[in-house]
There are 4 protein chains.
Amino acid sequence: MTVKTRKEYIKSLKELKPNIYKFGKLIKDVTTNPATKRVVESHARLYEAAALPKYKDIFETKSHLTGKEIFRWNSLVESEKELIAETVMKRVNYHITGTCTGGVCVGWEAMNVMWAITYDIDKDLGTSYHQRLKKWILSAQDKGITIAGALTDAKGNRTLKASQQQNLDSNLRIVKVEEDGIIIRGAKVMIAGVAASNEIFILSGNKYGESDKDFAVSCVVPRDIKGLMIIEATHPNDLREHEEGFFVPDTGITQAYLYFDDVFVPNERVFMCKEYQYTGTEISSFTDNYRSCIGACVSGQGDVMIGAAVLVARANGIPSKAFKNEIIEMAINNETTYGMGIGAIALGKQHPSGAYFSDSLLAHVNKTLVATLPYETKRICQDIGGGIVETGCFPSFEDFTDHKLGPIIQKNFKAGDASAKTRAKAARLVEWLTLGAGVPGTMHGGGSPGGARMVVKSKIPIEEYVNYARDIMNIKEDVPEPKKVR
Amino acid sequence: MTVKTRKEYIKSLKELKPNIYKFGKLIKDVTTNPATKRVVESHARLYEAAALPKYKDIFETKSHLTGKEIFRWNSLVESEKELIAETVMKRVNYHITGTCTGGVCVGWEAMNVMWAITYDIDKDLGTSYHQRLKKWILSAQDKGITIAGALTDAKGNRTLKASQQQNLDSNLRIVKVEEDGIIIRGAKVMIAGVAASNEIFILSGNKYGESDKDFAVSCVVPRDIKGLMIIEATHPNDLREHEEGFFVPDTGITQAYLYFDDVFVPNERVFMCKEYQYTGTEISSFTDNYRSCIGACVSGQGDVMIGAAVLVARANGIPSKAFKNEIIEMAINNETTYGMGIGAIALGKQHPSGAYFSDSLLAHVNKTLVATLPYETKRICQDIGGGIVETGCFPSFEDFTDHKLGPIIQKNFKAGDASAKTRAKAARLVEWLTLGAGVPGTMHGGGSPGGARMVVKSKIPIEEYVNYARDIMNIKEDVPEPKKVR
Amino acid sequence: MTVKTRKEYIKSLKELKPNIYKFGKLIKDVTTNPATKRVVESHARLYEAAALPKYKDIFETKSHLTGKEIFRWNSLVESEKELIAETVMKRVNYHITGTCTGGVCVGWEAMNVMWAITYDIDKDLGTSYHQRLKKWILSAQDKGITIAGALTDAKGNRTLKASQQQNLDSNLRIVKVEEDGIIIRGAKVMIAGVAASNEIFILSGNKYGESDKDFAVSCVVPRDIKGLMIIEATHPNDLREHEEGFFVPDTGITQAYLYFDDVFVPNERVFMCKEYQYTGTEISSFTDNYRSCIGACVSGQGDVMIGAAVLVARANGIPSKAFKNEIIEMAINNETTYGMGIGAIALGKQHPSGAYFSDSLLAHVNKTLVATLPYETKRICQDIGGGIVETGCFPSFEDFTDHKLGPIIQKNFKAGDASAKTRAKAARLVEWLTLGAGVPGTMHGGGSPGGARMVVKSKIPIEEYVNYARDIMNIKEDVPEPKKVR
Amino acid sequence: MTVKTRKEYIKSLKELKPNIYKFGKLIKDVTTNPATKRVVESHARLYEAAALPKYKDIFETKSHLTGKEIFRWNSLVESEKELIAETVMKRVNYHITGTCTGGVCVGWEAMNVMWAITYDIDKDLGTSYHQRLKKWILSAQDKGITIAGALTDAKGNRTLKASQQQNLDSNLRIVKVEEDGIIIRGAKVMIAGVAASNEIFILSGNKYGESDKDFAVSCVVPRDIKGLMIIEATHPNDLREHEEGFFVPDTGITQAYLYFDDVFVPNERVFMCKEYQYTGTEISSFTDNYRSCIGACVSGQGDVMIGAAVLVARANGIPSKAFKNEIIEMAINNETTYGMGIGAIALGKQHPSGAYFSDSLLAHVNKTLVATLPYETKRICQDIGGGIVETGCFPSFEDFTDHKLGPIIQKNFKAGDASAKTRAKAARLVEWLTLGAGVPGTMHGGGSPGGARMVVKSKIPIEEYVNYARDIMNIKEDVPEPKKVR
């Protein structure tokens, strides 16, 4: 099987065994079911774009391993230039689809993180994970598959360790190590793009100590592996996707809950098996790159919001220059998260394995910006769009096209030169981007802003800064933290 | 007919003739149809609360006209104290329903505005609108009805006057004045709470000049008046309201598009008929009170957001004190819009008719705050809630209660002491408040923040401020605006 | 002695014995010394204004005690209307002087707080403080004096109680109670307007327990009382005030450090003597009113900043409409702190003594706004003003008027129609307001924003809000705070 | 003359002929006069640091022209890596001096810009500016001099072109071209670090058309060139620098007004002479690099503010963890402007001459951040520091050390373990950084944020964004800007 064209990609998904549910029903064909067909379409458009000269350099690159042309999302990222190319691709993904394309993101990041981690484990412990991973990567590059990434566990009680949970399935774990593979069990949650993926790359979801070593696991599994049950989460306005009509884009994103019920993974697909000492680095390496790149995601969607806001303003009969300041504000927000990501990348470093990682401090600062600025951008987008976009406040598609109601609505809904239909679609796009199925989970995706703030805190060299201040004022006396007396 | 209890209120709505559509279908009974039953329930709860000692003073007051106990939302508001009581009631409405209760808001404001405007018209022109209005108010107070208010027109092309529109129906107008009444025609849009109302109070939607005098109209009509077609707009996640289950509150809000197709309104219900000179004051009086009070609306919902955020944090297994700063920030936002509204009221003035109006500058400043701070509050609410609330990212009600999937989900969804069901409901509430059907249209409702900023601009006495500066620096020279030379 | 006119006021200050130091020197005459003459001028202008019909209602009112016309700053404030009049006066004070006039602020507030506190103490303990205070107030009203207020102690080590301090003088205390009076000792710091005041009203600076009862003291002393040493603090750019020239306004503000070295205060001027139980209410009553009114102070200065920004823009040759958005933003900031203060007042309550106090929650929310919004306003003011205002970056007065350098500077400094001198003065005013001697201490004055946030926290009824959320989602289960397990 | 050590640097400045004035007096020796000795000390510290192993790589690099070790501030910057090294150096400069060191900034930027511009002019017009510049650079590198940069003209009336000004001296211009050089005349203003510089590099201050070609000039002059009169501008609290004592740092910055009165510049120092066509690129190349790097300046000062805030908190007796959130906020602000600058550099490009320039869009977005975030950081710094820092509200150095007053002040000013002197110095540092002589002109330095916003606007590809939106919604219809009809 190769997955090199839209057609092959669609075919590859159709061949997977059904194991995804939504609204209480098993989805037979993810490429046609209204709950999943949009996320498939999003990814299909990337395969399509990769074939166009205009986008070739964005979506394709040369493999470090083979020298062959491969999809960028299957590549090892070994330099600042390549990581910037990744971040550019993520911005373009949003331009093309309007939303998140999780199947060419987290799995790819995970693969690169494990490229470094397996290198370290092997070096320290004499294992052979790195070669296993290399073999799998070669095959993934060769085929051109789409790979979701699963990091977040269900977690359970936040005040207890994984091994202390009443329900041990709250976190994915190795329940048995067999000669030819491992058996894993537990829940990974909120995993983006699963329905559009061929495989799922698994990482440990936390930094674990020895008592939690069973939870230190990394491997990759086919999406339809035996024992895996997938439940698609809801998202804003998702039921609209089940209606006919032209009020929702053909693209979209999904997030899934994964339940592994004693799933067997053969050794050649296992890249970490209880080496808990490496989970801390695994998590931090992942977040460093993920949080530098996510600035491009939200900026790409922000670009579309500028476009959508201008479109609806014009359809409302108002020239966009009336919103000059607002548009500049949106652009500043977009470029800030994007530019900060680029900055984090530029200050990054290459790992001995070849993998390249962003600067941790700037990446985590960017996460805090990603958790605030896009909300401002959405607000401004609704401000420009007017009452019809704020809460999706206009007639439904059924009413808009009803033989009796439709003509009345359309007659009264026309504001400027644009047709009522175009005005309606533009307004629906703003709704979709700011309150609807297009809203990606960028605030908590890959970890919460609160956690990022703690990382920032840990990286501020406070005593060094205090000494700058002392030196400038020529203060000789040592000034330690006061001790609480009473 | 009296509408004094939940039962009578429900009955009164059932008796209205069906003229409301959604999703291409005529709604037979607004009290049971899933598209409208929640907005009815919201208002029914107010009737219910009014009967409780705890809430009596909030929801009832004494009529200035008769001295009898009436619902506050049918009262004339003639003092600072009464307008503060109105703003308090609006905050409580949100506490009880979680969202907007438009049937006890805009119509009430409109009635009070017209109490002043009719007084002025009569005084100037010798008409008798004021007595007509008084008669209708007496009947409304006596019955205890719920009254939507219709202000916003479809508008059409923003660069043309109402009378210049290609489609004259873009703005509601008087097409004929007959001996015993008027015939009106055109579209009023985004009208909140219509499905839960007995009557609809109409105001002119703009300040009109003489050439647009046909558009200067105020009257009140039964919701089911002949010739009126009502189409309910969609709102975020509204299709969820059509499912069974416990993932959506029983309360809600609706906004409707109203098409008047040559509707006859008898004279006793007409309070302005082409007196265009008064439309400017009508609009500004309306926005002055509406925009001072709306701070209470968003603060009331903000209070519920604090509660919901704490609830979901606890259900996530995290003590709320971990979010102390975030909660303070939310509270500051809530109290700021509320306090500014109170400030605007405190600086208000009584009109010779008795009606009391807020200070215009502070009211419009408040509108700009209402268009920004609640967005911050929502963002913080999502920040505290974690990944499950950001995009409603968890299994659907059907999956959650499915006989096969449900037990697995619920087992893995439990995080702390609270049940999985409680955790799910808490998360759904945050979704509903920040991305779902609970989001009210407060940014553009009653006019856009851009317009409010222009009012603020017009009320800044810049030359006076310049003179303070000159006097403080003892600058004798006059410093006028530079003239552009080239 | 009466102090009813500018002339009498100046004379009254001249008659005080010198006890104020700055820059290592004793100030002989506060009305002429460059370190203090500007703060005297500020207050003198209020006496002057009070005599003008235009300002009469602002600065004068009728005494509740005598029915006679008195200065507003000597009055008991017994209603919402009067407290709003106080806040209006404070805004006007800034319009007239450009900065803080501390001699008609804290002492006045203190007097009103003690009007209530002495009422309570007497009622509970059978003392006669209230009558003593009344007598003093009658005399103050009769004379028309200016009264500073001293609240903040030097404090010492923040982790120790007052009585545990190594240096007991860190907080003002009663060292001896004698038959006809008390002897007080210790330091009060950062007291505004002392140099322009006739007397100083002292309050306890903290809520004290029994072990700290010696620190529970309230009294009023002449500024030149025996044993009191006053050191004027520096403030931004204050050395400019010692130069000749027209680059600094004639008005200004000062803040002083007060050292009481066993000062005897006769009983008739003592209003609290060790009744520590009342210090909590004393502090909170003070902050409730002070923090509602301070919104007017910063808005009044913000108004002057708008004027100054427009003035310098014009003098730079740029029409102010180029900064329309910036000016609206400044105005919104100004009106927000002002409006919130009015809101806090409107929700206030009258104490049985007659004294009127603002709503505590809104007042403390306002304090957090006062600690942020004016900084934004200053930033915008510098943005509009351009490079010459950002850091006061233009030639000194000496160079500007130098016989050789001056003509060259003035020739090249002219930008539009306004003279170089006017441009320079306008720029200097912005510097004075944003970086210079005009900057008042509103962030920490009367307590820090951090403390205000804690008050806000304490007043949020979190469980009530949680219950709104539970009721809306029909959650029956109780959801308490999680207990930390491990 | 070589200027390679602190000693040689000081000597080199002493040798310059006096032509700088402040407060109406000619400064004889900039290294000892209180008005200028601090800016000299700032730069001297960099010479000193460059000799330390710890800082060698920061302050020294290899010349592209000779391969020899030179000061970084004399180097050609030809790669991303080198421009990042420049930005790192700027952050370190602030760590060492607490403020701006303008003598190793603008002149250096100007030299690099002209490296590219002269390359272009020569290529197009066959001139030999590039070789001239190279020769001068070689000598500058060899000597190791400090070079101020002069860009901003006095401008005059903003609505007129340079050649239309009534006072032609408002903008620096070529009054005569002679065989062996040019004669220049006019005013350059607000030039940083002149008093600490050996030479001044001049750029055209605007994009000029043909009618203004006389104003298109670039050259470099010794600071004490005949005909140049320099007037030092004031800055916040600068008079404090004229006092003895330890309340002001030994470092500092100055900004000067330069008046060229028919100054002759020999040809070998002239790099542009009326080639107006290149002034646009000159300005934009300058701002691209200047505005990416300035993020490091404000972040470096922000680091010192964190240190100063922690220092004063501790000296106040409060552990810094009480301000954890505030410190994180400060750090986020610092890293955001720094990271954005790095991002702009990483997306930059090399010019055929070798010179490297930042990405224009990100650089100008950064300028808008530099004009806002540091103001927030200052506000937080004052919030943490308490009342004694907000307005520098504590006794003067004279009083603090007075034989009579001093002991009393110091006794009462001690709060925790730190001495009163340390507490005072820490507080004075915050004052200096936020309200005093340490405040650099970063908002308007190198152009105003308003201009930067216009550049951002011009670089947003709005129609491209509109097309993304149209494609996502499958809108075929063209939607142009509405035309205003009435």
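## Polar contacts and salt bridges

Between chain A and chain D there are 24 residue pairs in polar contact, both residues being at pLDDT 80 or more; a polar contact is a pair of N or O atoms within 3.5 Å, where within protein one must be able to donate a hydrogen and the other to accept it, and residues adjacent in sequence count only if both atoms are side-chain atoms. On the side of chain A that touches chain D, α8(A) gives the most, with 15 residues, and the residues of that side comprise 46 nonpolar, 15 polar and 16 charged.

Six salt bridges are found across this interface, a salt bridge being a side-chain nitrogen of Lys or Arg within 4 Å of a carboxyl oxygen of Asp or Glu. A:R314 and D:E463 are joined in a salt bridge through their side chains, at 2.6 Å from N to O.

## Buried area

About 6,300 Å² is buried between chain A and chain D, 70% of it on carbon and sulfur atoms, where buried area is the accessible area (1.4 Å probe) that two parts lose on being put together, summed over both. A:R314, A:I472 and A:M473 supply 13% of the area that chain A buries against chain D, more than any other three residues.

## Basis of the values

The model is predicted, with local features needing pLDDT of at least 70 and side-chain atom pairs counting only at pLDDT 80 or more, while totals for chains, interfaces and linings use all residues. Residues are numbered from 1 along each chain as its sequence is written, chains are lettered from A and ligands numbered from 1 in the order in which they are written, and side-chain values use heavy atoms, with hydrogens and water left out.

Methods
Helix = DSSP H or I, 4+ residues; strand = E, 2+ residues; numbered from the N terminus. Nonpolar A, V, L, I, M, F, W, Y, C, P; charged D, E, K, R; others polar.
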